[in-house]
Amino acid sequence: MTLDRPDFPAVEQPTPRRKFLKCMTWAGTGVLWVMQGGVLRAQALDARGTDPVPARRGDFSFVQVSDSHIGFHQAPNPDVTATLREAVAKVNALPARADFVVHTGDLTHLAKPDQFDTAAQVMGELATDRVFYVPGEHDVLGDDGKQYFSRFGRGATGQGWYSFDYRGAHFVGLINVLNFKPGGLGVLGREQLEWLEKDLRGRSSSTPIVVLAHMPLWTVYEQWGWGTEDSAQALTYLRRFGSVTVLNGHIHQIQQKVEGNVAFYTARSTAYPIPAAGTVPAPGPDASVVADRLHGLIGVRDVTYRTVDSALAITDATLA
Amino acid sequence: MTRSMQHSPRWFTPHLALLCAAVAAAAAFPAGAADRAPAVAASAAQPATSPEVTISNFSFQPALLTVKAGTRVTWTNRDTTPHTVTSTDKRFESSAGLDTNDRYSYVFGKAGTYEYFCSLHPMMVGKVVVSEP
């Protein structure tokens, strides 16, 4: 599937414009990713849209947004629509438009129609050509994703997974939030794994691969369910590729890990932070965060070099 | 695993809930504070007939509940994160998504063991054992 096909599994944006992006940034809701020489890299951008570090030329760039939880209305963030909108404004303030945006799940808090309406409206304000979505468990609540897929899963295959090629890179959108079993973690399931194997078979090992999924595809913290029980099988299909980047959400904080040529990354939420694994009894919203710190923790306002340096260092390590 | 270090408020026990409901009913207050006050008050002589399960800190408390057939069990979500009460094998009707302070009740009519979990956080599991009345 290529980007120009009409069945491309993305939601078309109202005002398409296409430009190359020179840098990548933490853009409120998440990260601006630049594909450069087959490897994804991140770079900071300040709130006014100027570039605080030397511009990096890339082949293309896209922004990752995650865990917007439209409908959540408690401490520490009573207005998650406003913070998503701030994130959108930061993406739109980029000096060059991102080629597309990906949202890695939990658009809504309770999968209610009005929550999907609000999410679609705010995401529709993004100044980018297309937005790709993968669902979070909150988006498929109660109806196994029927509403979600009818609105955000157009053109997908199977139970909603998809892949596409963009400027030499191969993107895969996976679903690991359906068919949960008691006591278990996220799950991809046999049908999806078989599809993934076929989808990747025959592709050159030099093809950069980017995998999108809501729950982490490695076990961050099993006690809190932060992992996917059959992700190891997926990795057996991915491992032969020279550059694999896995982008997840779900845990509302930045975590990174590298295994061989596979770099895993989880994004912040646009809604609220969750404390680090095991530091509190349960993985709920961190209600103790005071208002003036919230934006730093959901990544909407403050861009830190520390974070970006870390991302770059680890990503570079994969190349070595 | 130590996910239930923080207990639900001590005052929130089935016995106290029953007492409040009974007092409210006796004083002819509207049933607003305890949404099923009349039913609860009517069965106040048998405290075990309307047990509560509190959902707190991503756990069902108590995780194992033993009741007699015909008992209505009520779950209340005290977390700021939504949860569900989802029957593992579809042997009883599952709840919708429960937002903060939402309640869900189900009357277990037949004896048996009913396992359930949260469909959003599957590591959360619970069990209701129903004995003959």
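Where is the place of Asn101(B) in chain B? Asn101(B) is found in the loop between strand S5 (86-87) and strand S6 (103-108) of chain B; helices (H or I, at least four residues) and strands (E, at least two) are DSSP runs, numbered from the N terminus. The structure is a predicted model, in which local features need pLDDT of at least 70 and side-chain atom pairs count only at pLDDT 80 or more, while totals for chains, interfaces and linings use all residues. Residues are numbered from 1 along each chain as its sequence is written, and chains are lettered from A and ligands numbered from 1 in the order in which they are written.

**Chain A as a whole**

- The secondary structure of chain A consists of seven helices and 13 strands.
- Of its 320 residues, 52% count as buried. A residue is buried if 20 or more other C-beta atoms lie within 10 Å of its own, exposed if 12 or fewer, and partly exposed in between, with C-beta atoms placed from the backbone.
- Among contacts in chain A between residues at least 6 apart in sequence, 73% join residues at least 24 apart. Two residues are in contact if their C-beta atoms, placed from the backbone, lie within 7 Å.

**Nonpolar cores**

- In soluble globular proteins, nonpolar side chains tend to be buried together.
- A nonpolar core is here a set of buried Ala, Val, Leu, Ile, Met, Phe, Trp, Tyr and Cys residues joined through C-beta atoms within 7 Å.
- The largest nonpolar core has 97 residues, and those with the most contacts inside it are Val101(A), Leu174(A), Val211(A), Leu212(A) and Val246(A).
- A second, separate core has five residues, including Val220(A), Trp224(A), Trp226(A) and Ile274(A).
- When residues up to four places away in sequence are not counted, Leu174(A) touches Val134(A), Trp161(A), Leu188(A), Gln192(A), Val211(A), Leu212(A) and Ala213(A).

**Helix H4 of chain A**

- Gln192(A), Trp195(A) and Leu196(A) are the buried residues of H4(A). Seen down the axis, they fall within an arc of 100°, so they line one face of the helix; the arc is that of the directions from the helix axis to the C-beta atoms.
- The face turned away from this buried side carries the exposed residues Arg190(A), Glu194(A) and Lys198(A).
- The cover over the buried residues of H4(A) includes strand S9 (169-173) and H5 of chain A.
- Just after H4(A), Gly202(A) has a positive phi of about 85°.

- In helix H5 (residues 231-238) of chain A, the residues Ser231(A), Ala234(A) and Leu238(A) are buried. They cover an arc of only 55° around the axis, which puts them on the same side of H5(A).
- Ala232(A) and Thr236(A), on the other side of H5(A), are exposed.
- The buried residues of H5(A) are covered by elements including helix H4 (190-200), strand S10 (209-212), strand S11 (244-248) and strand S13 (262-266) of chain A.
- Two packed helices are described by the angle between their axes and the distance between the axes.
- The axes of H4(A) and H5(A) come within 9 Å and cross at roughly 10°. Axes are lines fitted to C-alpha atoms, for helices over the stretch in contact, and angles run from 0 to 180 degrees between N-to-C directions.
- H4(A) and H5(A) are therefore roughly parallel to each other; angles under 35 degrees count as roughly parallel, over 145 as roughly antiparallel, 65 to 115 as roughly perpendicular and the rest as oblique.
- Leu193(A), Leu196(A), Glu197(A) and Leu200(A) of H4(A) make the contact with Gln233(A), Ala234(A) and Tyr237(A) of H5(A).
- By class, this contact has five nonpolar, one polar and one charged residues. Ala, Val, Leu, Ile, Met, Phe, Trp, Tyr, Cys and Pro count as nonpolar, Asp, Glu, Lys and Arg as charged, and the others, Gly among them, as polar.

**Backbone features in loops**

- Asn101(B) has a positive phi near 70° and is a residue other than glycine. With 10 C-beta neighbours inside 10 Å, Asn101(B) counts as exposed.
- His69(A), also not a glycine, has a positive phi of about 50°. His69(A) lies in the loop between S5 and H1 of chain A and counts as buried, with 30 C-beta neighbours inside 10 Å.
- The peptide bond from Ala75(A) to Pro76(A) is cis, with omega near 5°.
- A cis peptide bond also joins Gln61(B) and Pro62(B), with omega about 0°.

**Where the chains meet**

- 25 residues of chain B are in contact with 20 residues of chain A.
- The side of chain B that touches chain A has 10 nonpolar, 11 polar and four charged residues.
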